[in-house]
Amino acid sequence: MDGAVVGVVLVVVAALLVLRSGMRVVNQVERGVVFRLGKAQPEFRRPGITFLVPFVDRMRKVNVQVVTMPVPTQEGITKDNVSVKVDAVVYFRVTDPVRAAIEVQDYVFAVGQVAQSSLRSIIGKSDLDDLLTDRERLHEGLALMIDSPAAEWGIHIDRVEIKDVQLPESLKRSMSRQAEAERERRARVITADGEFQAAQQLANASRIMSETPEAMQLRLLQTVVEVAAEKNSTLVMPFPVELLRYFERATKRLDQEVEKNERELDGPDGSAALKSGIEQIAAVADKFGPAGELTAPREPAAEPSAPVERP
């Protein structure tokens with residue numbers, strides 16, 4: 001009886017040991033690919049406790065987290081014959097653990113090699129300006145080039161980004177001089193535009209002030225007030241404002257008279273007006289001397305002739 005009990009206990013212990021050897025724990029970030037007698041099972045094991053057939057099944061765990069893999073710096077020549085060094089970073093994850101376990105020996109190393117070759121290829125197909133400014137389009141093209149072979153391995157490329165573009169020192173100096181010249185050009189254009197607008201406003205202001213003489217006087221008084229507000233000083237006005245207004249009115253009347261005379265001389269009665277003006281001048285001159293002196297020059301006196309000798 002005692003021997004039977006011991007035998008049962010030994011059998012139970014052996015069964016527990018066998019079950020313990022076939023029990024596996026799969027983490028949340030992993031998937032288990034089971035190989036039964038060397039053949040991969042179509043279904044992978046999900047996170048939790050799973051049991052394997054002892055001495056028959058073998059399980060390989062595959063991480064399904066997003067892998068961040070830096071791409072080493074690649075040196076190449078762009079489409080416009082500029083030597084550059086470019087590095088990038090690739091974000092990918094496993095979507096099919098079974099294919100990732102059996103289609104490729106080391107999928108991380110394989111993705112890294114594909115990323116390096118694709119980066120060198122994209123450098124040769126792009127211009128320098130595209131590498132510096134249009135990176136989004138390059139990221140999309142680079143991701144597509146890497147994703148084509150990686151899809152067959154059960155791997156999905158989430159994103160590819162170019163981190164840095166290293167340029168030669170001579171090219172950096174040339175670009176710096178170009179940027180400086182461009183900023184200088186913009187500054188000169190802005191200054192010239194400001195002067196042009198200021199000249200236009202001054203011309204409009206002068207036109208308005210010429211039509212309204214009182215505006216000039218108000219502007220003069222405003223300038224006097226501004227100068228007096230800055231410094232405590234005494235201002236002496238050499239000419240009263242009323243005298244300036246008198247000169248301004250006299251100048252306007254004189255201009256009007258000159259324009260009137262010019263129109264009369266240029267018109268059909270110009271010769272008559274000129275003749276009338278000459279007559280008026282002669283009439284005024286008669287008051288001071290004979291009119292003949294003004295109208296006709298005096299003839300020189302005849303020289304006395306030599307005496308004629310008679311025989």
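Q: So buried means under 20% relative accessible area, exposed means over 50%, and partly exposed is whatever falls in between; where does that put Arg159?

A: This is a predicted model, and in it Arg159 has a relative accessibility of 35%, so Arg159 counts as partly exposed.

Q: What does Arg159 pair with in a salt bridge?

A: Arg159 forms a salt bridge with Glu161, and the closest N and O atoms of the two are 2.4 Å apart. Glu161, at 27% relative accessibility, is partly exposed too.

Q: How many salt bridges are there in total?

A: The count comes to nine salt bridges. Among them is the one between Asp158 and Arg93, with 3.5 Å from N to O. Asp158 lies in strand β8 and Arg93 in strand β7, so this pair ties together parts that are 65 residues apart in sequence. Asp158 is partly exposed at 34%, and Arg93 is partly exposed as well, with a relative accessible area of 32%.

Q: Which residues are linked in a network of salt bridges?

A: Asp130, Asp134 and Arg137 are linked in such a network.

Q: And what about Asp57, is it buried or exposed?

A: Asp57 counts as buried, because its relative accessibility is 11%, which is under the 20% cut-off. Asp57 forms a salt bridge with Arg36, where the closest N and O atoms are 2.7 Å apart. This pair links distant parts of the chain, since Asp57 is in strand β5 and Arg36 is in strand β2, 21 residues apart. Arg36 itself is partly exposed, with a relative accessible area of 34%.

Q: Okay, new topic: in what order do the strands of that open sheet stand?

A: Three strands form the open sheet, in the order β3-β2-β5, and their pairing is antiparallel. The strands β3 (39-40) and β5 (57-63) stand at the edges with a single partner strand each, so one side of each is left without a neighbour in the sheet. Strand β2, residues 30-36, pairs with β3 over two bridges, and Arg36 stands opposite Lys39 in β3.

Q: Which residues touch the most other members of the largest nonpolar core?

A: Those are Val84, Val90 and Ile157, in a core that has 37 residues. Several elements supply at least two residues of this core each, including β6 (67-77), β7 (83-94) and β8 (155-166). Helix α3 gives the most to this core, with eight residues.

Q: What does Val84 touch?

A: Leaving out residues up to four places away in sequence, the contacts of Val84 include Gln74, Thr78, Ile123, Leu131 and Val165.

Q: And where does Ser126 sit?

A: Ser126 is found in the loop between α3 (107-125) and α4 (128-132). Ser126 is buried, with a relative accessible area of 3%. Not counting residues up to four places away in sequence, Ser126 touches Thr78, Lys79, Leu131 and Leu138.

Q: Which residues form a nonpolar patch on the surface, then?

A: Val5, Val9, Val13 and Leu17 form one, and together they have about 340 Å² of accessible area. Leu17 lies in helix α1, residues 2-21. Leu17 counts as exposed because its relative accessible area is 57%.

Q: Last one: how many helices and strands does the chain have, and what share of its residues is buried?

A: The chain has 10 helices and eight strands, and 21% of its 311 residues count as buried. The chain exposes about 23100 Å², of which carbon and sulfur atoms supply 57%.

Conventions:
Residues are numbered from 1 along each chain as its sequence is written. This is a predicted model: local features need pLDDT of at least 70, side-chain atom pairs count only at pLDDT 80 or more; totals for chains, interfaces and linings use all residues. Side-chain values use heavy atoms; hydrogens and water are left out. Two strands pair if DSSP finds at least two bridges between them. Helices (H or I, at least four residues) and strands (E, at least two) are DSSP runs, numbered from the N terminus. Buried means under 20% relative accessible area, exposed over 50%, partly exposed in between (1.4 Å probe, protein chains only). Accessible areas come from the Shrake-Rupley method with a 1.4 Å probe; for residues, only the protein chains shown count as cover. Contact means heavy atoms within 4.5 Å. Patches are made of residues with over 30% relative accessible area and no salt bridge: like charges are joined within 9 Å, nonpolar side chains (Val, Leu, Ile, Met, Phe, Trp, Tyr) within 5 Å. A salt bridge is a side-chain nitrogen of Lys or Arg within 4 Å of a carboxyl oxygen of Asp or Glu. A nonpolar core is a set of buried Ala, Val, Leu, Ile, Met, Phe, Trp, Tyr and Cys residues joined through side-chain atoms within 4.5 Å.
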